[in-house]
Amino acid sequence: MTPDEYCRQKAAASGSSFYYSFVFLPPPRRRAITALYAFCREVDDVVDETAEMQIAAAKLAWWRAEVANLYRGVPQHPVTRALLPFIEDYSLAQQHLNEIIDGMEMDLTQTRYLDWPALERYCHRVAGVVGLLAVRIFGYRDARTLDYARDLGIAFQLTNIIRDVGEDARKNRIYLPMEDLKRFDVPAADILNARETPQFNALMQFQEERARGWYDKALAALPAEDRRAQRPGLIMAAIYKALLEEIVRDGFRVLSRRTSLTPLRKLWIAWKTWLAV
């Protein structure tokens, strides 16, 4: 298996909405973004699939060393070997790859977030920075497009957090800021024990409004001249916004179920968005 084949397999196996935005890209950019996505999956899987915190920390330290190897031109892992040809072509910064690992390390030591600034810092590291890397692969001319990419990444992460409240709670994780729980009179125990209440519903409406605000902010920042180049991001936005709408229609039943879109619907949204931009 070649490094590119490994990355394609990693991306396809995830079933993520991101995969559907890659398929319309020209081959070099598709290879680059698939390798970046595979990198994100690898470091995220360290946290999700490793029970012992010390072992997970050691694995993330290995990935940090592997990023250093990548920028020295001697990567060992199939994912970093796949990334190597594109580091210079698309000006992918070592700092940004390390920031993604920083975000994963937060998951090893932190299960609660006091307020929005704390959660925004996490979202920036695990998703906003991914947007800053992806925007370089897709191509841009106007520097304002960087703001769009970072803010769109945060909108995606907020959508993930809303979708996964119940799943995260079963791992003793609550990403919703504690100040928000207090404001809406939702004890953490209600989330951990999957108790759906009117107060919880109001809390989730607030979280949905926050996420939608980040989508609006991001899309408003995208200059017209970069819209066509950024079609993959716009496809992701269309798919994620459709997911958010499904969660709202479902009455925020996120404590007991994980809302998702079918692969066919994702592909249809991707195709419509590609043609519309």
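A salt bridge here is a side-chain nitrogen of Lys or Arg within 4 Å of a carboxyl oxygen of Asp or Glu. By that criterion Arg31 pairs with Asp4, the closest N and O atoms being 2.9 Å apart, and a search of the whole structure finds 22 salt bridges. The model is predicted: local features need pLDDT of at least 70, side-chain atom pairs count only at pLDDT 80 or more, and totals for chains, interfaces and linings use all residues. Residues are numbered from 1 along each chain as its sequence is written, and side-chain values use heavy atoms, with hydrogens and water left out.

**Salt bridges**

- Lys10 and Asp45 meet through their side chains in a salt bridge of 3.0 Å, N to O.
- Lys10 lies in helix α1 and Asp45 in helix α3, so this pair ties together parts that are 35 residues apart in sequence; helices are DSSP runs (H or I, at least four residues), numbered from the N terminus.
- Lys10 is partly exposed at 22% relative accessibility, whereas Asp45 is buried at 13%; buried means under 20% relative accessible area, exposed over 50%, and partly exposed in between (1.4 Å probe, protein chains only).
- Asp142 forms a salt bridge with Arg144, with the closest N and O atoms 2.7 Å apart.
- In that pair Asp142 is buried at 14% relative accessibility, and Arg144 is partly exposed at 49%.
- Salt bridges that share partners join Lys10, Arg41, Glu42, Asp44 and Asp45 into one network.

**Helix α12**

- Helix α12 covers residues 198-221, and its 24 residues should span 34 Å at 1.5 Å a residue; the end C-alpha atoms are 35 Å apart, which agrees.
- The expected span is 1.5 Å times one less than the number of residues.
- Buried residues of α12 include Phe200, Leu203, Phe206, Trp214 and Tyr215, along with the charged Glu208 and Arg210.
- The buried residues of α12 pack against α7 (116-138), α8 (144-163), α9 (165-169), α10 (178-183), α11 (188-192) and α13 (231-249), where contact means heavy atoms within 4.5 Å.

**Thr80**

- Thr80 is in helix α5 (residues 78-89) and is buried, with a relative accessible area of 0%.
- The side chains of Thr80 and Glu66 make a polar contact at 2.5 Å; such a contact is a pair of N or O atoms within 3.5 Å, and within protein one must be able to donate a hydrogen and the other to accept it, while residues adjacent in sequence count only if both atoms are side-chain atoms.
- Leaving aside residues up to four places away in sequence, Thr80 touches Trp63, Glu66, Leu70 and Pro75.

Conventions:
Helices (H or I, at least four residues) and strands (E, at least two) are DSSP runs, numbered from the N terminus.
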